[in-house]
Amino acid sequence: MTSRVLHLVSRLQPGGRGQTLWPTVLALADAGVPQSLVLMDHRDAAQARLMLPAGVRLGDGSAGSAGRAGLPAVRQAATTLRSELADGPTLAVHVHGLTAGLLGRHVLRGSSVQAPMFFHLDSDTLAARIVRGLDRSAFLVQRNRVDALDPSGREHPGGPSRPVDEVYFNTERAEAETPLIVTTGQPGDLVYAQAFVQLAVMLTGLRPALTFGWIGDATPAVQQMLQAAQIKLMRGADATDRAEALHRAWVYVSPDPAGSDARGMAEAMAAGVPCLGRQVPAYRALIVHALSGYLCNRNNDLIAAIARLVEAAPLRREMGQAARTRARHRHGRHRFRASMLLAHGLSPVPVLRSSGVAPVAAGAARATASVTAE
């Protein structure tokens, strides 16, 4: 009999518990893994029936607990979960929400089933407390992470830990009439602003004349510095604003030697903009030199690379396309799917959806870190 994955859910919320329920269910459904969903609140049954893909079963007791609340509902959910565990081999148990985590831990500790548990909780601290003393493998599924099972909570040297918003990948390129060189800086980062201003001043007099843009907010001190160099402030309140600014850019530059602009660079790459940065680990992990952008040690090298890209539209297009492909592979939402499949010992395979989106081969590394008690 084929092993199944069981899901126990406290309450369904918009997008699923912690916004990881439905991506997880869909990732496993794509791989043909049988699944069952057990609800702790009967009010969620209608939504669950509407959202569940074909082949995913709603646990027998989930829809039949109308009128139950409080302790009776918890007992019904426990009974249903035990019934599902006894119904066949279990590949893994996913618990979504604090109440589901506590109940799932209680039921699994009294069961002979040794399947690993995946905790979808809004609090890392609560997850660590729940799994303390648990006699099985346990994973914390992180919200909005490229690799969903990475518990580090830190930005990776190779770029942002969260997936890049799809709005960047869907941005149609429409370059400004005159060469536009942009960057994304932190509002009060005087050092970063100074590095960008210095580059703009050094490029004064280049033909055709260049314009420069700073995407995002800036403190009065940074604004004064940018305005003195005639650098335009561009809206960057959200992903839509930043994508709108990027779709007109010719080149994206991260001039700081600290490598502090990994997220801004990843977003620019996803928007199809060729990127330039320093030879530092954060940018080396993003840019493939001379393919999706350039890595430069000195300002003179950055200036030469900007001039080369400004003068050659075909080169800009080729590098922009390569940058978008690179960003899709490293920071697209498919990485959530890949990390989830790999954690279950399954091979990520390309999937063609009915929307017509081209399949993307996932290449996430296997997630091996277990949740440990603090």
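Analyst: The side chains of histidine 94 and histidine 344 make a polar contact at 3.0 Å. This is a predicted model. Histidine 94 sits in strand E4, which spans residues 90–96. Its relative accessibility is 0%, so histidine 94 counts as buried; the cut-off is under 20%.

What surrounds histidine 94, beyond neighbours within four places in sequence? Val5, Leu6, His7 and Leu8 are in contact with histidine 94. Thr24 and Leu28 also touch histidine 94. Phe118, His120, Met340 and His344 complete the list.

Now the helix pair. Helix H7 covers residues 190–202, and helix H8 covers residues 220–228. They pack at an angle of about 5°, with axes 10 Å apart. H7 is therefore roughly parallel to H8. From H7, the contact uses Leu190, Ala193, Gln194 and Val197. From H8, Ala221, Val222, Met225 and Leu226 take part. By class, the residues of this contact are 7 nonpolar, 1 polar and no charged.

Next, the cores. In soluble globular proteins, nonpolar side chains tend to be buried together. Here the largest nonpolar core has 60 residues. Trp214, Ile231, Leu246, Leu276 and Ile306 have the most contacts inside that core. Take isoleucine 306, leaving out residues up to four places away in sequence. Isoleucine 306 touches Ile181, Leu199, Leu203, Leu210, Val253 and Leu276. Another core, of 25 residues, lies apart from the largest one. Val38, Met40, Leu85 and Ala138 are among its members.

Notes:
Residues are numbered from 1 along each chain as its sequence is written. This is a predicted model: local features need pLDDT of at least 70, side-chain atom pairs count only at pLDDT 80 or more; totals for chains, interfaces and linings use all residues. Side-chain values use heavy atoms; hydrogens and water are left out. Helices (H or I, at least four residues) and strands (E, at least two) are DSSP runs, numbered from the N terminus. Buried means under 20% relative accessible area, exposed over 50%, partly exposed in between (1.4 Å probe, protein chains only). A polar contact is a pair of N or O atoms within 3.5 Å; within protein, one must be able to donate a hydrogen and the other to accept it, and residues adjacent in sequence count only if both atoms are side-chain atoms. Contact means heavy atoms within 4.5 Å. Axes are lines fitted to C-alpha atoms, for helices over the stretch in contact, and angles run from 0 to 180 degrees between N-to-C directions. Angles under 35 degrees count as roughly parallel, over 145 as roughly antiparallel, 65 to 115 as roughly perpendicular and the rest as oblique. Ala, Val, Leu, Ile, Met, Phe, Trp, Tyr, Cys and Pro count as nonpolar, Asp, Glu, Lys and Arg as charged, and the others, Gly among them, as polar. A nonpolar core is a set of buried Ala, Val, Leu, Ile, Met, Phe, Trp, Tyr and Cys residues joined through side-chain atoms within 4.5 Å.
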